[in-house]
Amino acid sequence: MTYEDPSFSSSKCPKCDSEMEEVSYRYFRCSSCNYENDRDAIVIIEFIWEEFSEPLDLPLK
Ligand SMILES: [Zn+2]
């Protein structure tokens, strides 16, 4: 599995595709749907969703 460049500082919400804001170090929150997760986890989730083209029912942290 290959990840995107880990140096990027913003991310899009994997649930609703809105911009997420960094609320603490490497931790992002979506202001639209309140989804929040570690940035590394978001990258992995986005990768899986793009790869399989179907959303996974992942629990909110
Ligand atoms: Zn969202």
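Buried here takes 20 or more other C-beta atoms within 10 Å of a residue's own; exposed takes 12 or fewer; partly exposed is in between, with C-beta atoms placed from the backbone. This is a predicted model, where local features need pLDDT of at least 70, side-chain atom pairs count only at pLDDT 80 or more, and totals for chains, interfaces and linings use all residues. Residues are numbered from 1 along each chain as its sequence is written.

Overall layout. The chain has 1 helix and 4 strands. From the N terminus, the order is β-β-β-β-α. Helices (H or I, at least four residues) and strands (E, at least two) are DSSP runs, numbered from the N terminus.

The 4 strands form an open sheet, in the order 1-2-3-4, with antiparallel pairing. Strand 1, residues 11–12, and strand 4, residues 36–38, are at the edges; each has a single partner strand, so one side of each has no neighbour in the sheet. Two strands pair if DSSP finds at least two bridges between them.

Let me walk through the pairs. Strand 1 and strand 2 run antiparallel and are joined by 2 bridges. Serine 11 stands opposite methionine 20 in strand 2. The two strands form a hairpin with 6 residues between them. What is the phi of aspartate 17? Near 70°, a positive value in a residue other than glycine. Aspartate 17 sits in the loop between strand 1 and strand 2. Aspartate 17 counts as exposed because it has 12 C-beta neighbours inside 10 Å.

Next pair. Strand 2 and strand 3 are antiparallel, with 4 bridges. Methionine 20 has cysteine 30 in strand 3 as its bridge partner. Glutamate 21 stands opposite arginine 29 in strand 3. This hairpin has 2 residues between the strands, and arginine 26 takes a positive phi near 60°.

Stay in strand 2 for a moment. Glutamate 19 belongs to that strand, residues 19–24. Is glutamate 19 buried or exposed? Exposed, because it has 12 C-beta neighbours inside 10 Å. Glutamate 19 and serine 32 are 13 residues apart in sequence, and their C-alpha atoms are 8.6 Å apart in space.

Last pair. Strand 3, residues 27–30, pairs with strand 4 in the antiparallel sense over 3 bridges. Arginine 29 has glutamate 36 in strand 4 as its bridge partner. Phenylalanine 28 stands opposite asparagine 37 in strand 4. Here the hairpin has 5 residues between its strands. Asparagine 34 lies in the loop between strand 3 and strand 4. Its phi is near 65°, positive in a residue other than glycine. Asparagine 34 counts as exposed because it has 11 C-beta neighbours inside 10 Å.

On to the helix. Helix 1, residues 39–52, lies across strand 1, strand 3 and strand 4, and runs at about 100° to strand 4. For that angle, axes are lines fitted to C-alpha atoms, for helices over the stretch in contact, and angles run from 0 to 180 degrees between N-to-C directions. Helix 1 has 14 residues and reaches 20 Å from its first C-alpha to its last, close to the 20 Å expected at 1.5 Å a residue. The expected span is 1.5 Å times one less than the number of residues. Just after helix 1, serine 53 takes a positive phi of about 55°.

Now the core. Which residues make up the largest nonpolar core? Cys13, Met20, Phe28, Cys30, Tyr35 and Ile42, 6 residues in all. A nonpolar core is a set of buried Ala, Val, Leu, Ile, Met, Phe, Trp, Tyr and Cys residues joined through C-beta atoms within 7 Å. In soluble globular proteins, nonpolar side chains tend to be buried together.

Strand 3 has two faces to look at. Phe28 and Cys30 are on the covered face; Tyr27 and Arg29 are on the uncovered one.

Finally, contacts. Two residues are in contact if their C-beta atoms, placed from the backbone, lie within 7 Å. Isoleucine 42 touches Ser11, Pro14, Phe28 and Asn37, leaving aside residues up to four places away in sequence. Across the chain, of contacts between residues at least 6 apart in sequence, 23% join residues at least 24 apart.
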